[in-house]
Amino acid sequence: MKDHGVVSGTKRVRENANEKEEDVVEVGSGSGSGFSQQPLQQRRLWVKNRSNAWWEQCNHPDFPEEEFKKAFHMGKATFDFICSELESVVTKKDTMLRMAIPVRQRVAVCIWRLATGEPLREVSRRFGLGISTCHKLVLEVCTAIRGVLMAKFIQWPDEIKMEEIKHEFEILSGIQNVGGSMYTTHVPIIAPKESVASYFNKRHTERNQKTSYSVTVQGVVDPKGIFTDVCIGWPGSMTDDQVLENSILYERANRGNLNGTYIVGSSGFPLTDWILVPFTHQNVTWTQHAFNEKVNDVQKVAKEAFMRLKARWSCLKKRTEVKLQDLPVVLGACCTLHNICEMRGEELRQELRFDLVDDEMVPEIVVRSMNAMKVRDQIAHKLLHHNHSGTSFL
């Protein structure tokens, strides 16, 4: 432990250099110029020996790019970019007692924890820091990401960008005026101490035969799988349409701010004047089935984006140690980091990919607008008429 000259007349005594050290403070007593060397006060600082050799190796300029990507699920350039964006917020000053943890290490602790989902004790071992320190760093950096970068990298498109999005979705599906693809996923949590029933995920429990609790993340993505809107943290007992009705997106749309733009959702969402969903009744016609396939093409974009979100940030697939009240900050950080990685062309490694399953429940009231029914029928017939509805329906 370095001596920064904190106390004049202090003698540092090491009992065991690898485990602990003791500060014996010598103070003057009596009159005149004579000083007694009796230690009237002792303060022991117990410091556990920890090695940060793994992180020092990762942080070395010669560390292989591919190995860095395996560890942090992003390349060095993207990691450097995030550090530079957060530097002014997460930098700490040295104190008289200890040196501040460098920005790169602070960010690395957070990103490695999010990427791997490893328990805090393993984060502690890798980075040579205390478990409580690692826990604090993860929340601090996630808070900085959400506070500084989220509004910058998750934005509802302006008019020019929206036209580009509509054009790309029309090329994909043949459906005009589609401004986004929407999906809702569940993030598993440990049973909360309060409002347990609210977070009970009945569908996951029945499918997995294991009691499940969760929170939801609803997101709208563009054709590249970049989030343009997210709604985070509603309890897992809520259906997709209930989460939707509590979102800012729903408020925005009901005020008429989408201006004829459609958001495509799965059968878990209702049919409205601005949400297009598949036909869910039995014995659909050829035209309706063909429409469903095109809607599914758009829906896949959002589902694939959420798969990459959870694959890149594996903490979202495991029951987290994060407290429920802190979870929205962590989830917001993960969505923001997803967008940064996608915008910078970070490819997801093949071995991280997995089949994402989120159970859908058809809303009790599927159709919220009779006009929306007519419009959906018109779109379906137009797709068939213009030969956009290539289908495997036999």
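Tutor: Two strands count as paired if DSSP finds at least two bridges between them. Please keep in mind that this model is predicted.

Student: What makes strand 4 and strand 5 a pair?

Tutor: Strand 4 (residues 178-189) and strand 5 (213-221) are joined in the antiparallel sense over nine bridges. The requirement is at least two bridges, so the two strands pair. In one of these positions, Ile189 has Tyr213 of strand 5 as its bridge partner.

Student: How do you know that strand 4 also pairs with strand 7?

Tutor: Three bridges join strand 4 to strand 7 (residues 262-264). At least two are needed, and the strands therefore pair. They run parallel, and Gly180 stands opposite Ile263 in strand 7.

Student: What joins strand 5 to strand 6?

Tutor: Six bridges in the antiparallel sense join them, and Gln218 stands opposite Cys231 in strand 6. The two strands form a hairpin with five residues between them. In its turn, Gly225 has a positive phi of about 80°.

Student: Why are strand 6 and strand 8 said to stand at the edges?

Tutor: The open sheet has five strands in the order 6-5-4-7-8, with mixed pairing. Strand 6 (227-235) and strand 8 (275-276) each have a single partner strand, so one side of each is left without a neighbour in the sheet.

Student: Which helices pack on the sheet?

Tutor: Helix 12 (residues 286-312) touches strand 4, strand 5, strand 6, strand 7 and strand 8, and its direction makes about 45° with that of strand 4. Helix 13 touches strand 4, strand 5 and strand 6; its direction makes about 160° with that of strand 6.

Student: Why is strand 5 called mostly covered?

Tutor: A residue is buried when its relative accessible area is under 20%. Nine of the nine residues in strand 5 are buried, and both faces of the strand are covered. Tyr213, Val215, Val217, Gly219 and Val221 lie on one side, with Ser214, Thr216, Gln218 and Val220 on the other.

Student: What makes a space inside the model a cavity?

Tutor: A 1.4 Å probe fits there but cannot get out.

Student: How are the residues lining the largest cavity divided by class?

Tutor: Eight are nonpolar, one is polar and one is charged. Arg113, Leu114 and Thr320 are among the lining residues. Arg counts as charged and Leu as nonpolar, so Arg113 and Leu114 fall into those classes. Helix 4 (103-116) and helix 13 (327-343) are the elements that give two or more residues to this lining.

Definitions and conventions: Residues numbered from 1 in each chain as written. Predicted model: local features only at pLDDT ≥ 70, side-chain atom pairs only at ≥ 80, totals over all residues. Heavy atoms only, no water. 1 Å grid on protein atoms, 1.4 Å probe; cavity = no way out; pocket = protein on both sides within 12 Å on 5 of 7 lines; lining within 4 Å. Helix = DSSP H or I, 4+ residues; strand = E, 2+ residues; numbered from the N terminus. Contact = heavy atoms within 4.5 Å. Axes fitted to C-alpha atoms, helices over the stretch in contact; angles between N-to-C directions. Buried < 20%, exposed > 50% of the residue type's maximum accessible area, 1.4 Å probe, protein only.
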